[in-house]
Protein chains: 2
Amino acid sequence: MPAPLGRVVEMLSTLPGVGPKTAMRLGLNLLSRPASETVALADALKLLHEQVGFCDICGCFAEKGLCQQCDDPAREGDTVCIVEQPVDVLMMERGHNYRGHYHVLHGRLSPVDGVGPEELNLAALDRRVEAGIKELILATSATVDGEATAHYIARRYRDAGVRISRIARGVPEGGELEYLDEHTLSRALDQRISWDNGSI
Amino acid sequence: MPAPLGRVVEMLSTLPGVGPKTAMRLGLNLLSRPASETVALADALKLLHEQVGFCDICGCFAEKGLCQQCDDPAREGDTVCIVEQPVDVLMMERGHNYRGHYHVLHGRLSPVDGVGPEELNLAALDRRVEAGIKELILATSATVDGEATAHYIARRYRDAGVRISRIARGVPEGGELEYLDEHTLSRALDQRISWDNGSI
Ligand SMILES: [Zn+2]
Ligand SMILES: [Zn+2]
């Protein structure tokens, strides 16, 4: 196999769900199709990180300073849905029934991996809560660490005069939001329950 | 979804076996991993067509003027295996039991698609046969058009004083070489039968 093809195949095989055989098929396809198409994909990949950054306010994906949600005056800015990753915002938006804002933690508490509150995007959330928010919706994952993170945040803003809720357990045990269908996620959001410290 | 991500997802979904959902997963992965990794993949893709061309002699993939096989004096240059696509050479080489050369047609006869003998890499094969070849192994696909192409080439070199053989039907009906396991392909090559015009 020519070395440049080998390098592409090796890199493709690091993608999720792409084994060595699939990577080989994809690499050969990229070599066999017109050069202009493969170069176009390369160009698009180069622009990906260059043009897509994080929203100054909420931390989700944004092309400029603010994301679509934070930049939309029609959305309810006093309701903030807290998620672990930028991709979770895209998943939530597929449901089309949430009209509030988001806050992306960029992780979740994980004692094993040494991720404490300081490693999460919480200082910015403190400022948002101080500036005035009616409701915080905890949409961290239903994993052990995601639950612990939800509990931690509920405790952190217990006395901040903000309503705290948790999306309902339509989310299967151990499930990452990223892999959920939009209906389950929509339902979980609609059936969210008020966070009453201690009872959940 | 940010537009640059949308463009990547759209292009990825044109790859074989990659539907819109998988393309989305791959695109998000490429956006979530360190920028340097995504840029490295983009760079490798850019070099793919730039650095990998076709062999001057046989038409298979080559990084410089000649491919590995044509450039290897230890291989038997008087045996030439005829395949449809450059990728078929890679598939043949996985078997490790063939020590001759190749000739890539870059297609197969297809009346429906308007592909005639002039569209195939046959003028170069004429010159190789004239220069002296002992055996031509027809390794075109077991599709209807692949069979027709094998028949056409057998007839074309009927009086050229060259032995003509066809790889055995270990190749399943309608099968493309690209999707075969190496054992089936090795066996088909070992069991190739002499081309006796009219009998096959
Ligand atoms: Zn935002
Ligand atoms: Zn060659």
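# Close-up views of a predicted two-chain model

**View 1. Helix 1 of chain A against helix 3 of chain B.** The axes of helix 1 (residues 3-12) of chain A and helix 3 (residues 35-51) of chain B come within 9 Å and cross at roughly 150 degrees. Helix 1 of chain A is therefore roughly antiparallel to helix 3 of chain B. The crossing of this pair is left-handed. This is a predicted model, in which local features need pLDDT of at least 70, side-chain atom pairs count only at pLDDT 80 or more, and totals for chains, interfaces and linings use all residues. Residues are numbered from 1 along each chain as its sequence is written, chains are lettered from A and ligands numbered from 1 in the order in which they are written, and side-chain values use heavy atoms, with hydrogens and water left out.

Terms for this view: helices (H or I, at least four residues) and strands (E, at least two) are DSSP runs, numbered from the N terminus. Axes are lines fitted to C-alpha atoms, for helices over the stretch in contact, with angles from 0 to 180 degrees between N-to-C directions. Angles under 35 degrees count as roughly parallel, over 145 as roughly antiparallel, 65 to 115 as roughly perpendicular and the rest as oblique. A crossing is left-handed if the near helix is turned anticlockwise from the far one by less than a right angle, and right-handed if clockwise.

**View 2. Helix 3 of chain A against helix 2 of chain B.** Helix 3 (residues 35-51) of chain A packs on helix 2 (residues 20-32) of chain B at an angle of about 55 degrees, with the axes 9 Å apart. That angle makes helix 3 of chain A oblique to helix 2 of chain B. Their crossing is right-handed.

**View 3. The zinc ion (ligand 1) in chain A.** Which residues supply the protein donors of the zinc ion (ligand 1)? They are Cys55(A), Cys58(A), Cys67(A) and Cys70(A), each through SG, at 2.3 to 2.4 Å from the ion. Donors are N, O and S atoms within 2.8 Å of the metal (3.2 Å for Na, K and Ca); water is not among the atoms, so sites may look incomplete. The four donor atoms subtend angles of 103 to 116 degrees, so the arrangement is tetrahedral (four donors with all angles between 85 and 135 degrees). Ideal angles at a metal are 109.5 degrees for four tetrahedral donors. In sequence the donor residues of the zinc ion (ligand 1) are spaced C-x2-C-x8-C-x2-C. Cys55(A) sits in the loop between strand 1 (53-54) and strand 2 (61-62) of chain A, and Cys67(A) in the loop between strand 2 and strand 3 (76-83), so the pair ties together parts that are twelve residues apart in sequence. Cys55(A) is buried at 5% relative accessibility, and Cys67(A) is buried at 2%. Buried means under 20% relative accessible area, exposed over 50%, and partly exposed in between (1.4 Å probe, protein chains only).

View 4. Cys55(B) lies in the loop between strand 1 (53-54) and strand 2 (61-62) of chain B; Cys67(B) lies in the loop between strand 2 and strand 3 (76-83), so the pair ties together parts that are twelve residues apart in sequence. Cys55(B) is buried at 5% relative accessibility. Cys67(B) is buried at 1%.

View 5. Arg166(B) belongs to strand 6 (residues 163-166) of chain B. Is Arg166(B) buried or exposed? Arg166(B) is buried, with a relative accessible area of 7%. A polar atom of its side chain lies 2.8 Å from the backbone oxygen of Thr140(B). The backbone oxygen of Ser141(B) lies 3.1 Å from a polar atom of the Arg166(B) side chain. Polar contacts are pairs of N or O atoms within 3.5 Å; within protein, one must be able to donate a hydrogen and the other to accept it, and residues adjacent in sequence count only if both atoms are side-chain atoms.

View 6. His106(A) has a phi near 55 degrees, a positive value in a residue other than glycine. His106(A) lies in the loop between strand 4 (100-104) and helix 5 (123-132) of chain A. His106(A) is partly exposed at 30% relative accessibility. In chain B, phi of His106(B) is positive at about 60 degrees. His106(B) is partly exposed at 29% relative accessibility.

Methods. Tetrahedral: all angles 85-135°; square planar, octahedral: opposite > 155°, others 65-115°.
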